[in-house]
Amino acid sequence: MNPTAVLETSTSPGEPLINIAIFGAFVLVTMVIVFRASRNNKTAADYYAAGRSFSGPQNGTAIAGDYLSAASFLGICGAIAINGYDGFLYSIGFLVAWLVALLLVAELLRNTGRFTMADVLSFRLKQKPVRIAAATTTLVVCFFYLLAQMAGAGGLVSLLLGIPDKVGQGVVIAVVGALMIVYVLVGGMKGTTWVQIIKAFLLILGAGVMTIWVLAINGFNLSTLLENAVAVAGSDDILAPGKQYGLSDITRLDFLSLGLALVLGTAALPHVLMRFYTVPTAKEARRSVVWAIWLIGIFYVFTLVLGYGAAALIGAETIKAAPGGANSAAPLLAFELGGPLLLGLISAIAFATILAVVAGLTITAAASFAHDIYANVFKRGKSEATDEVKVARRTVVIIGIVAILGGIAANGQNVAFLVALAFAVAASANLPTIVYSLFWKRFNTAGALWSMYTGLGSAILLIVFSPVVSGAATSMIPGADFAFWPLSNPGIVSIPLAFLAGWIATLVTASKKEDPAKQSEMEVRSLTGIGAEGATQH
Amino acid sequence: MGDEAPTSVARKDADFAGIQSSPDFVELKKRHRAFVFPVLGLALVWYLAYVLLAGYAPDFMAIPVFGLVNVGLLIGLGQVATTFIVTMLYVWYANKKLDPIAERIRDEAAEEGVR
């Protein structure tokens with residue numbers, strides 16, 4: 001079967017009806033599970049943290065589901081298919097990052113916090129200002145990530161469902177957003193987690209089957225696969241680094257900057273952190289990360305084979321010319337291998353991926369608003385749990401509507417940089433304060449505020465004045481040019497700056513000591529788990 | 001339950017300052033930091049070396065080792081392997097060296113709470 005022949009007659013290879021039917025089946029099955037899971041959603045711990053009742057392996061699978069977004073599945077496969085090694089280089093940062101989560105963050109966070117990142121950051125510092133700062137960075141990271149996912153949905157629609165016009169794509173974005181609102185509203189964290197578990201299972205299974213298939217075609221010899229990819233590409237530069245990031249000193253530095261943000265940002269992504277509260281103990285949090293690391297690591301090895309497989313079986317030129325560009329590498333490969341049925345399956349999984357990731361982001365943002373801003377800042381910790389959950393549910397609807405409108409507005413725009421920006425903001429605004437408050441006794445409120453706002457502000461400012469926003473043909477605003485900062489990734493400046501700001505501000509205001517009893521309590525609790533909230537009993 | 005400020009979930013009667021200065025806790029903290037900081041540091045340096053090699057020594061990364069599989073691909077897969085190894089090492093270390101002490105401290109704190 002030649003995919004180019006199909007492409008000439010339709011914007012989508014395969015049968016859009018099959019794709020929709022398989023996706024519909026996924027929605028139906030997950031809806032039933034979400035409704036069943038929702039019967040026990042009574043308290044705040046149930047709604048935000050799934051009653052802390054998931055096991056390590058379950059939560060680890062959900063983390064993988066949350067983390068392996070459409071960008072990492074379709075994006076990395078496509079990047080390897082077109083740019084070869086540099087796509088693989090990109091995926092390694094996403095994996096190594098989990099060691100920061102495993103060694104520094106997961107267990108200590110599970111032991112000290114309850115629902116949100118701000119719980120931990122404000123533990124021994126001044127509640128109000130630190131919570132506001134932490135909730136702000138949480139909402140900013142979630143918003144950037146959410147917008148990128150929703151905008152990506154538009155591109156996927158044109159590729160997978162054969163809907164080329166903007167109005168039709170807008171309708172599909174609205175449907176995806178509406179489904180997501182129902183999942184989160186009804187199912188809370190428990191429902192969201194189940195959606196992610198099912199999606200991760202399907203995604204890894206689908207990618208695994210395709211990987212074995214590609215390897216079988218090449219006699220289970222990696223070198224043969226590479227030979228075939230080189231033969232189609234007509235050059236062996238896809239095997240070595242440099243095709244994408246090695247063009248100039250600027251691109252090299254840019255990749256270094258991106259690598260830093262990926263490696264240090266993952267353990268500070270609010271929607272990843274919140275997942276650690278869904279297990280009963282710190283030991284289960286550790287098991288979750290271990291499971292996540294295995295699943296994510298194996299998945300990235302799969303994408304390596306799939307990327308080179310797409311390069312060998314389809315060819316970079318055909319992929320680039322297809323609707324969806326690089327993102328179409330994995331779907332085209334599925335079509336080449338298994339015809340319309342496998343394509344339908346992979347397409348449905350890609351859709352499910354967007355749905356699940358968006359749901360995870362939404363519940364994180366809603367929890368942060370309701371728990372940090374409403375309950376602890378407005379009501380000074382004296383609100384009723386039922387009111388707090390009510391506020392969270394309303395926030396979910398608002399965020400859902402904003403995501404739909406933002407997704408429709410950003411559809412077709414070049415907003416892929418938003419994901420990298422979300423990692424950079426997480427690494428600059430959140431990670432320094434997380435590390436300092438867990439490991440540095442003298443760290444104080446001024447240090448936290450300076451570090452968070454410096455990280456947030458510098459990352460966003462550098463992006464605004466970078467080539468991704470203006471001054472280049474691929475910019476968001478190609479007509480204007482106010483890009484006096486050459487790098488597209490701010491991490492290499494903003495991360496050290498935020499660490500430095502937290503350190504200097506703490507030293508300068510050293511006379512303002514925080515409550516030493518709180519410091520003792522936080523340190524003892526973080527390492528021993530004394531007083532940590534366990535699973536709720538029903 | 002469900003709406004208290006985060007700290008009020010903790011046992012009010014637990015003597016955190018006392019535990020913090022107890023020999024058991026000092027040892028737990030020492031063991032935790034003795035593993036976590038150097039191992040994470042090494043892993044990040046190893047990753048940084050990989051990114052720098054890819055950026056500034058692409059010719060070295062392109063040296064074929066067997067068939068078309070080159071140094072770069074092996075180092076990349078090596079990153080995956082070291083991530084898995086560090087993960088397994090930490091689980092072993094935590095189970096053996098951290099969890100027993102943490103459990104002992106927890107049990108003692110619970111007993112004191114009863115008294």
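I take helices here as DSSP runs of H or I of at least four residues, and strands as E runs of at least two, numbered from the N terminus. By that rule, F35(A) lies in helix α2 (residues 16-37) of chain A.

**Before going on.** I am working with a predicted model, where local features need pLDDT of at least 70 and side-chain atom pairs count only at pLDDT 80 or more, while totals for chains, interfaces and linings use all residues. Residues are numbered from 1 along each chain as its sequence is written, and chains are lettered from A and ligands numbered from 1 in the order in which they are written.

**Entry: two single residues.** I sorted residues by C-beta atoms placed from the backbone: buried means 20 or more others within 10 Å, exposed means 12 or fewer, and partly exposed is in between. F35(A) has 13 C-beta neighbours inside 10 Å, so I noted F35(A) as partly exposed. From F35(A) I looked across to Q413(A), 378 residues along the chain, and found their C-alpha atoms separated by 36 Å. Next I picked A321(A), in helix α14 (residues 316-321) of chain A. A321(A) is exposed, because 12 other C-beta atoms lie within 10 Å. A321(A) and I212(A) are 109 residues apart in sequence, and their C-alpha atoms are 27 Å apart in space.

**Entry: helix α11 of chain A.** Helix α11 (residues 249-265) of chain A has 17 residues and reaches 24 Å from first C-alpha to last, close to the 24 Å expected. That expectation is 1.5 Å times one less than the number of residues. Of the 17 residues of α11(A), 13 are buried, so the helix is largely enclosed by the rest of the structure.

**Entry: α17 against α18.** I fitted axes to C-alpha atoms over the stretch in contact, with angles running from 0 to 180 degrees between N-to-C directions. Helix α17 (residues 417-439) of chain A packs on helix α18 (residues 445-464) of chain A at about 165°, with axes 9 Å apart. My angle classes are roughly parallel under 35 degrees, roughly antiparallel over 145, roughly perpendicular from 65 to 115, and oblique for the rest. α17(A) and α18(A) are therefore roughly antiparallel. I call two residues in contact if their C-beta atoms, placed from the backbone, lie within 7 Å. Among the residues that meet are L421(A) and Y436(A) in α17(A), and M452(A) and I463(A) in α18(A). The contact of α17(A) with α18(A) has 11 nonpolar, seven polar and no charged residues. For these classes, Ala, Val, Leu, Ile, Met, Phe, Trp, Tyr, Cys and Pro are nonpolar, Asp, Glu, Lys and Arg are charged, and the others, Gly among them, are polar.

**Entry: α4 against α13.** The axes of helix α4 (residues 56-67) of chain A and α13(A) come within 7 Å and cross at roughly 45°. That makes α4(A) and α13(A) oblique to each other. On the α4(A) side I found I63(A) and Y67(A) among the contacts, and on the α13(A) side W291(A) and L295(A) among them. By class, this contact of α4(A) with α13(A) has 10 nonpolar, five polar and two charged residues.

Entry: Chain B has four helices and two strands, in the order α-α-α-β-β-α from the N terminus. Of its 115 residues, 29% are buried. How many residues of each chain touch the other? I found 58 residues of chain A in contact with 52 residues of chain B. α6(A) gives the most to the chain A side, with 11 residues. That side of chain A divides into 33 nonpolar, 13 polar and 12 charged residues.
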